[in-house]
Amino acid sequence: MFEVKNIEEVNLTENPVIAQMSKYNHEQLLFCNDNETGLKAIIAVHNTVLGPALGGTRMWMYNNETEALNDVLRLSRGMTYKNSISGLNLGGGKAVIIGDSRSMKSEALFRRFGKFVNSLGGKYITAEDVGISPIDMTWVSMETNHVVGLPGKSGDPSPVTAHGTYVGMKACAKEQFGSDSLAGKKVAVQGVGHVGEYLVSSLAKEGAEIFISDIHEPTLKRVAETYGAKVVGLDEIYDIDMDIYAPCALGATVNDETLSRLKCSIIAGAANNQLKQEDIHGRAVMEKGMIYAPDFALNAGGVINCYSEVKGLAPEWAMGKAEEIYTTIQNIVKRSQSENVPTYQIANKMAEERIEAMGKVKLPL
Ligand code: NAD
C-alpha cells in the first residue's frame with residue numbers, strides 16, 4: 001500500500017536519516033562526495049513504482065547538510081506526485097549539489113556527478129533545475145545517458161508548461177462559470193517570463209482582458225505592447241477586480257494577507273508551491289468559494305516535455321499530452337466539490353491512488 005507514514009511512528013532522534021526516509025516512504029538516498037572536484041551531492045529516489053525516478057538537479061548554497069537533505073527529500077516526493085497525476089510512467093526523484101553555483105562549477109565536478117547518476121543504472125534520470133545551466137548538463141551527459149533537457153533535444157519546456165496551464169485554467173472556468181471560454185474574463189498574470197508570456201499569448205488570442213505584473217520593466221513593457229495587456233503594480237495585482245489570478249513567478253503568494261485581498265474566483269498559474277501553507281490556505285481558498293488548480297498538476301507541461309525526450313517522442317506529443325491537463329483539473333475540481341475536500345488534497349490522493357493501482361499491475365504473475 002502506498003501511504004505516508006505518520007511521523008509519530010518513527011524515531012527521529014536515534015536514526016535521523018532513515019527515519020526521515022521512512023516518514024514519506026523514500027526508497028533510496030545516494031550521498032555523493034568527491035574531494036578532488038569538491039562535489040558534495042545527495043540524490044533522492046522517492047518512488048519508482050511507475051517508472052524511473054525523474055527530477056532535476058538543483059545547485060544551492062545550503063547552510064548545512066540537514067537543509068540539503070530536507071530539500072531533496074521534499075522535492076523528490078513532489079516529483080512522484082507530479083509525475084503520477086500527469087499520467088506519466090515515471091517515478092519521483094531529485095538531486096541537490098551543495099555549493100555556490102557562481103563559483104564552484106567545473107567540468108570535472110559535473111562529470112563526477114554524472115558518474116554517480118550513472119551508478120544508479122537508470123533508476124534516476126536527471127535534468128536542469130535551479131542553479132544549473134544547459135552546459136552543466138552537457139558535462140553530466142558525458143558520463144551518463146540518464147539525463148534529459150539537453151541542448152538540441154526536447155528544448156525549452158515553457159510553451160508546453162504554458163499550454164497545460166492555459167487548458168487547466170479553462171477547465172476551472174468551466175466548473176466555476178459554466179463555460180470554459182475565457183473571452184472577456186479578467187485574468188491577472190503575475191510574472192511574464194518564459195511561461196507567463198506564452199500564457200498571455202494564448203489568453204490574448206482568446207480575447208481575455210489581461211493584467212500583468214513583473215519586476216523586470218523592459219519585459220513588462222514589451223509584453224504589454226505585444227498582447228495589449230494592462231500593466232499593474234507588483235503589489236496592486238492582489239487588489240484588482242479580476243476573475244482569475246495566475247501566479248507565474250513566485251511561490252507562497254496565496255497566504256493570509258493576499259487571501260484577504262484577492263477578489264478572483266479561480267487561482268490557476270504555473271508557479272510552484274503557490275499555497276504558503278497547504279493545509280491552511282488550501283482549505284481557506286475552498287471556503288471562500290474559489291477554485292484552486294493544484295500547481296503540480298497544472299504546471300506539469302515541463303515534466304511532460306522531459307518525458308517525451310526520455311521516450312524519444314515527437315514535440316507534438318508533449319503538447320497533446322499537456323491537453324490532458326484539462327481533464328485532470330476537471331476531475332480534481334469535481335471530486336473536491338463532491339467530497340468537500342480541498343483540491344490540493346484530492347490531487348495528492350489521485351496521485352497516490354494511481355501509484356497504488358499501478359503497483360498491483362507490476363506485481364509478478
Ligand atoms: P522565468 O524566470 O522565466 O519567469 C519568471 C518571471 O517572474 C520573470 O520575468 C521575473 O522577472 C518575474 N518576477 C520575479 N519576481 C516577481 C514578482 N515579485 N512579481 C512579478 N513578477 C516577478 O520563469 P518561468 O520559467 O517562466 O517559470 C515561472 C514559474 O513557473 C516558476 O515558479 C517556475 O518554477 C514555474 N514552472 C516553470 C516551468 C517551465 O517549464 N519553465 C515548469 C514548471 C513550473
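Predicted model: local features only at pLDDT ≥ 70, side-chain atom pairs only at ≥ 80, totals over all residues.
Residues are numbered from 1 along each chain as its sequence is written, and side-chain values use heavy atoms, with hydrogens and water left out.

Two strands are said to pair if DSSP finds at least two bridges between them. Strand S1 (residues 28-34) is joined by 7 bridges to strand S2, and the two run antiparallel; within this pairing, Cys 32 has Ala 41 of S2 as its bridge partner. The hairpin of S1 and S2 has 4 residues between the strands, and Gly 38 takes a positive phi near 85° in this hairpin. Strand S2 is also joined to strand S5 (residues 91-98), by 6 bridges and again in the antiparallel sense, with Val 45 having Gly 93 of S5 as its bridge partner. A residue is called buried when its relative accessible area is under 20%, exposed when it is over 50%, and partly exposed in between, with a 1.4 Å probe and protein chains only. Because 8 of the 9 residues of S2 (residues 39-47) are buried, this strand is largely enclosed by the rest of the structure.

A further group of strands forms an open sheet of 6 strands with parallel pairing, in the order S9-S8-S7-S10-S11-S12. The edge strands of this sheet are S9 (230-231) and S12 (291-292), each of which pairs on one side only. Strand S7 (residues 186-190) pairs with strand S8 (residues 209-213) in the parallel sense over 5 bridges, and Val 189 stands opposite Ile 212 in S8.

Strand S10 (residues 244-247) contains Ile 244, which counts as buried because its relative accessibility is 0%. Although Ile 244 and Ile 266 are 22 residues apart along the chain, their C-alpha atoms are separated by 4.8 Å. Contact here means heavy atoms within 4.5 Å. When neighbours within four places in sequence are left aside, the residues in contact with Ile 244 are Met 169, Leu 182, Lys 186, Val 187, Ala 188, Cys 264 and Ile 266.

Around the ligand there are 20 residues, of which Thr 161, His 194, Val 195, Asp 214 and Asn 272 come nearest; a residue is near a molecule if one of its heavy atoms lies within 4 Å of it. An N or O atom in the side chain of Thr 161 is 2.7 Å from an oxygen atom of the ligand, a polar side-chain atom of Asp 214 lies 2.6 Å from a ligand oxygen atom, and for the side chain of Asn 272 the distance from an N or O atom to an oxygen atom of the ligand is 3.0 Å. Taken alone, the ligand exposes 830 Å², and the protein buries 73% of that, with accessible areas computed by the Shrake-Rupley method with a 1.4 Å probe. The elements that give two or more residues to the shell are H5 and helix H6 (194-206).

Helix H5 (residues 158-177) contains Ser 158, which counts as buried because its relative accessibility is 7%. The side chains of Ser 158 and Asp 156 are joined by a polar contact of 2.7 Å, a term used for a pair of N or O atoms within 3.5 Å; within protein, one must be able to donate a hydrogen and the other to accept it, and residues adjacent in sequence count only if both atoms are side-chain atoms. Apart from neighbours within four places in sequence, Ser 158 is in contact with His 194, Val 195 and Tyr 198.

Thr 165 also lies in H5 and, at 0% relative accessibility, counts as buried. Beyond its neighbours within four places in sequence, Thr 165 is in contact with residues including Leu 199, Ala 268 and Asn 299. Ala 268 itself lies in the loop between strand S11 (266-267) and helix H9 (278-287), and it counts as buried because its relative accessibility is 0%. Among the residues that Ala 268 touches, not counting those up to four places away in sequence, are Thr 165, Met 169 and Tyr 245.
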